[in-house]
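Welcome, and please take a moment to look at the sequence and the model below. A short tour follows, with the cut-offs given along the way.

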Amino acid sequence: MASFDIDGDLVRKLADLLRETGLSEIEFAEGEKRIRVTRPTAAQTVAVQAAPVLAAAPVAAAAAPAGKPVNHPGAVTSPMVGTAYLAAEPGGTPFVRPGDVVKAGQTIMIIEAMKVMNPIKAPRGGTVAEVLVSDAQPVEFGEVLLIIE
């Protein structure tokens with residue numbers, strides 16, 4: 001691959017995207033030009049510690065705290081890594097609240113990933129039993145967002 005000048009502004013924009021989305025790695029390619037920006041993840045940080053087995057347990061516990069019904073049949077999980085928003089705009093009325101009745105296909109929240117607002121739709125109708133994320137909270141792929149019963 002041919003050498004090229006590094007575009008500092010592009011690298012800074014990619015680094016900002018990593019911080020905003022919670023991603024650990026991002027890659028940009030244009031023609032022969034390819035830039036990859038990474039940041040340490042919790043697993044990489046744990047590996048540096050003296051007692052990685054002891055340090056790994058709290059990280060796992062933080063990802064799935066007790067009481068979050070991962071295997072609940074009405075669990076709605078995040079289809080992507082990003083930032084969850086419970087309303088269409090800051091301070092706005094939330095899409096859903098516990099006790100609300102939703103229909104299949106109704107928008108229940110938005111996940112922002114790489115500056116794109118992705119509406120998250122209810123996979124089925126029912127009553128919102130619990131919302132497990134807060135507004136503007138970073139979420140991981142597969143994380144339980146809310147429960148529909």
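This is a predicted model: local features need pLDDT of at least 70, side-chain atom pairs count only at pLDDT 80 or more; totals for chains, interfaces and linings use all residues.

## Surface and overall make-up

Residues are numbered from 1 along each chain as its sequence is written, and side-chain values use heavy atoms, with hydrogens and water left out.

The secondary structure of the protein chain comes to three helices and 10 strands. Both kinds of element are DSSP runs numbered from the N terminus: helices are H or I with at least four residues, strands are E with at least two. Along the sequence the pattern reads α-β-β-α-α-β-β-β-β-β-β-β-β. Of the 149 residues in the protein chain, 28% are buried; buried means under 20% relative accessible area, exposed over 50%, and partly exposed in between (1.4 Å probe, protein chains only). Among contacts with a separation of 6 or more, 53% join residues 24 or more positions apart, where contact means heavy atoms within 4.5 Å.

Two strands pair if DSSP finds at least two bridges between them.

Inside this sheet, strand 4 (residues 82-85) and strand 6 (residues 107-113) run antiparallel over three bridges. Y85 stands opposite I110, and T83 stands opposite E112. Strand 6 also pairs with strand 7, again in the antiparallel sense, over six bridges, with A113 opposite V116. Two residues lie between the strands of this hairpin, and M114 takes a positive phi near 55° there. Strand 6 is mostly covered, with six of its seven residues buried.

## Strand 10 and its partners

Strand 10 (residues 144-148) is mostly covered too: five of its five residues are buried. Three bridges join strand 10 to strand 3 (residues 75-77) in an antiparallel arrangement, and A75 stands opposite I147. Strand 8 (residues 126-131) is another antiparallel partner of strand 10, also over three bridges; here V131 faces L146 across the pair.

## Nonpolar cores

Which residues have the most contacts inside the largest nonpolar core? They are V102, I108, M109, V133, L145 and L146, in a core of 16 residues. Strand 6 and strand 10 are the elements that give two or more residues to this core. A nonpolar core is a set of buried Ala, Val, Leu, Ile, Met, Phe, Trp, Tyr and Cys residues joined through side-chain atoms within 4.5 Å. Apart from this core lies another, of eight residues, among them L14, A15, L18 and I35.

Not counting residues up to four places away in sequence, L146 touches G74, A75, V76, V96, I108, M109, E130, V131 and L132.

## A buried serine and a salt bridge

Is S78 buried or exposed? At 2% relative accessibility, S78 counts as buried, and its place is in the loop between strand 3 and strand 4. Leaving aside neighbours within four places in sequence, S78 is in contact with I111, V139, E140, F141, G142, E143 and L145.

A search of the whole structure finds one salt bridge, defined as a side-chain nitrogen of Lys or Arg within 4 Å of a carboxyl oxygen of Asp or Glu. The side chains of D9 and R12 form it, at 3.3 Å from N to O. Both residues lie in helix 1 (residues 8-21), three residues apart, about one turn of the helix. D9 is partly exposed at 49% relative accessibility, while R12 is exposed with a relative accessible area of 52%.
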